[in-house]
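Keep the structure open beside you as you read.

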Amino acid sequence: MKSTTPFLALLTLILVGCNTLKETQVHVASGNYERAIRNSVENLRESRTKKKSADYILILEEAFAKAVNRDNRNLERLRMDQSGTALEELFNTYQSLQNRQEYIMPLLPLYIADQGREAHFDIVNYNGSLLDSRNRLSEHLYRHATELLATKDKPQVRVAYENLNYLDEINPNYKETRNLIKEAHYLGTDFVLVKTVNASNATLPKRLEDDLLDFEAYQLNGNQSWSVYHNNYIENIDYDYEMVLTIRDIVVSPERIYEKELIREKRIKDGFEYKLDKNGNVARDAQGNDIKVDKFVTSRSVVTEFTQSKSVAIEGKVEYRAFQGRENLSSFPLASEHIFKHHYCTHQGDRRALSHHDRGLLEHTIIPFPSNEQMIYETGEDLKNRLKQIIAQNRF
């Protein structure tokens, strides 16, 4: 059995190699030239002297030529089209031609021994064409973005913002691109003024109101966000929307202590006693020792469990309004609840009868109830999470 293992391993490697080569040939036949080039280069990087290397060199030569031929045919078509889409495709095609060459050049020259020749790769200097296509695309993107910015229409301005960022990526510092990016982001942003209204009969703690309006904590005002929330009115800002958080009802329950009496009984070992024989004498074992047996008793204790309880429930709503005219656009319910509970117990009787749970509660005692203000404030984390969900799911 041991002698077959190396053979099986070798056979597996041969089959994997054949499958990879066959797979690469299939990629060429199906027009997936880039994948065929990548497979060939990866195999040739490992070794150019392996048995299959000559096959991969021939595949690389064929796939490269066919890929270049296909790109050149596309270039002929694209040069006659002046649309923005064609200009972008033209630039990308030249970039693809350049990148493909740079990908294989570290391997060159490649020698095909059985044909007695070097593999042929038509290496072309695309620098001028690449620069020209980039400049033409840059000019188009820049001109189109300025036209979109002039509309002051937010969806159009946001398209301009994306185009300008792409322009800055392919041609950094082109004209006033970076200043226009800032302008586009500002013009495309919805500014939202947020306020709270307490319509309940209870006092809303100031720190809870501040927490609810702390939009930095929500991480909503990022550079990629098209909505910016302000909890204070800022002069010279043209607000688009108003978000009103209305607290309609705050209900705080009375402070309550619930009692529950429980009987605990447990049969436990309590020393030993001597075993007696039928004559009433102490029985002995084979070695003559007195025989002892465990003595069990039933221990009992009365446990009184106490539960301190207090709760607060807050109900409200979130309304979105147009800033001009205050037209109500949408409304969402907002509710939260916080429950305070504290457990402790006392007992009378044999402590040995108590459960592990009972012993833990014995370490606790009655504590002061939280104030109404504290209870209301404790709902804050849940309220903030619910408010964040509403905002995240209902972008303007």
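Is D210 buried, partly exposed or exposed? At 39% relative accessibility, D210 counts as partly exposed, because that label covers values between buried (under 20% relative accessible area) and exposed (over 50%), computed with a 1.4 Å probe on protein chains only.

## About the model

This is a predicted model, in which local features need pLDDT of at least 70 and side-chain atom pairs count only at pLDDT 80 or more, while totals for chains, interfaces and linings use all residues. Residues are numbered from 1 along each chain as its sequence is written, and side-chain values use heavy atoms, leaving out hydrogens and water.

The partner of D210 is K206: the two form a salt bridge, with their closest N and O atoms 2.8 Å apart. A salt bridge here is a side-chain nitrogen of Lys or Arg within 4 Å of a carboxyl oxygen of Asp or Glu, and by this rule the count is 25.

Both residues sit in helix α8 (residues 206-212), 4 residues apart, or about one turn of the helix. Helices (H or I, at least four residues) and strands (E, at least two) are DSSP runs, numbered from the N terminus. K206 counts as exposed, at 55% relative accessibility.

E265 is exposed at 54%, whereas R300 is partly exposed at 44%.

Next, look at E319 and K317, whose side chains form a salt bridge at 3.5 Å, N to O. E319 is buried, with a relative accessible area of 8%, while K317 is partly exposed at 22%.

## The nonpolar cores

In soluble globular proteins, nonpolar side chains tend to be buried together. A nonpolar core is a set of buried Ala, Val, Leu, Ile, Met, Phe, Trp, Tyr and Cys residues joined through side-chain atoms within 4.5 Å. The largest one has 48 residues, and L60, L110 and L164 have the most contacts inside it. Helix α3 gives this core its largest share, 10 residues.

Counting contacts as heavy atoms within 4.5 Å, and setting aside residues up to four places away in sequence, L60 touches I37, S40, V41, L44, I104, L110 and F121. A second, separate core has 25 residues, including L245, Y320, L334 and F369.
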